[in-house]
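Colleague: I would like to learn how to read this model, feature by feature. Please give me the general idea each time, then the case at hand.

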Amino acid sequence: MSGKLLSALAAGLIFTTTTLGATFSVTRTDDPLPDGCAVADCSLREAITDANTTGASDDINVPPGTYLIDLVGNDTLETGDLEISTDMPITGPATLEGQMLGRIMDIRDGAQVPLSQLRIQNADTSL
């Protein structure tokens with residue numbers, strides 16, 4: 001191969017790298033103010049908040065159980081519905097319980113959020 005062809009192939013390889021996403025495993029069913037998703041201390045809100053910041057498509061695993069979404073307040077990352085701004089598949093089997101306090105999720109334009117094995121109940125979109 002010529003030097004020019006090898007240089008072109010090498011340049012093409014530089015631009016085809018991808019960022020692999022992280023996997024966040026939810027370990028608690030309550031909804032505390034987020035302070036980071038630690039290995040043994042991670043709520044759904046904390047997992048989503050951290051996944052929003054990685055710049056990659058992250059997976060969120062939610063084990064069986066009922067997960068309360070109950071931080072009432074203005075829609076921010078810390079209170080209100082779960083703000084999702086980046087790609088992140090969220091997989092159960094689990095129930096997300098809104099307790100009629102408002103919406104459960106706000107998926108922003110452009111974010112791809114496949115939901116699998118999740119039951120979403122008692123949301124109130126009129127609030």
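Colleague: Which strands do the buried residues of helix 2 pack against?

Modeller: First the terms. Helices (H or I, at least four residues) and strands (E, at least two) are DSSP runs, numbered from the N terminus. Buried means under 20% relative accessible area, exposed over 50%, and partly exposed in between, with a 1.4 Å probe and protein chains only. In this predicted model, the buried residues of helix 2 pack against strand 1 (23-25), strand 2, strand 4 (82-84) and strand 5. Seven of the eight residues of helix 2 (residues 44-51) are buried, so the rest of the structure largely encloses this helix. Among the buried ones are Leu44, Ile48 and Ala51.

Colleague: What ground rules apply to the values?

Modeller: Residues are numbered from 1 along each chain as its sequence is written, and side-chain values use heavy atoms, with hydrogens and water left out. The model is predicted: local features need pLDDT of at least 70 and side-chain atom pairs count only at pLDDT 80 or more, while totals for chains, interfaces and linings use all residues.

Colleague: Where is confidence lowest, and where is it highest?

Modeller: pLDDT is the predictor's confidence in each residue, from 0 to 100. Where it is low, the predicted coordinates should not be read in detail. Here the protein chain averages 84, and 77% of the residues score at least 70. Confidence is lowest in helix 1 (residues 3-14), with a mean of 48, and highest in strand 2 (residues 59-61), at 98. Over residues 5-18 the pLDDT is below 50, and beyond near neighbours in sequence this stretch has two contacts in the model. Contact means heavy atoms within 4.5 Å.

Colleague: How many helices and strands are there in the protein chain?

Modeller: Two helices and seven strands. From the N terminus on, their order is α-β-α-β-β-β-β-β-β. Among contacts between residues at least 6 apart in sequence, 63% join residues at least 24 apart.

Colleague: Now the core. Which residues have the most contacts inside the largest one?

Modeller: In soluble globular proteins, nonpolar side chains tend to be buried together. A nonpolar core is a set of buried Ala, Val, Leu, Ile, Met, Phe, Trp, Tyr and Cys residues joined through side-chain atoms within 4.5 Å. The largest one here has 22 residues, and Leu44, Ile48, Ile60, Val62, Met88 and Ile90 have the most contacts inside it. Helix 2, strand 4 and strand 5 each supply at least two residues of this core. Its largest share, four residues, comes from helix 2. Take Met88: leaving aside neighbours within four places in sequence, its contacts include Ile48, Ala51, Ile60 and Val113.

Colleague: On to charges. How many salt bridges does a search of the whole structure find?

Modeller: A salt bridge is a side-chain nitrogen of Lys or Arg within 4 Å of a carboxyl oxygen of Asp or Glu. The search finds seven. Asp81, Glu83, Arg103, Asp106 and Arg108 are linked in a network of them. Arg103 pairs with Asp81, the closest N and O atoms being 2.7 Å apart. That pair links distant parts of the chain, 22 residues apart: Arg103 is in the loop between strand 5 and strand 6, Asp81 in the loop between strand 3 (66-68) and strand 4. Asp81 is buried at 2% relative accessibility, whereas Arg103 is partly exposed at 35%. Glu83 pairs with Arg108, with 2.2 Å between the closest N and O atoms.

Colleague: Which buried residue has no salt bridge?

Modeller: Asp124. For charge, Lys and Arg count as positive and Asp and Glu as negative, while His and the chain ends are not counted. The nearest side chain of opposite charge to Asp124 is Arg103, 9.5 Å away. Asp124 lies in the segment after strand 7.
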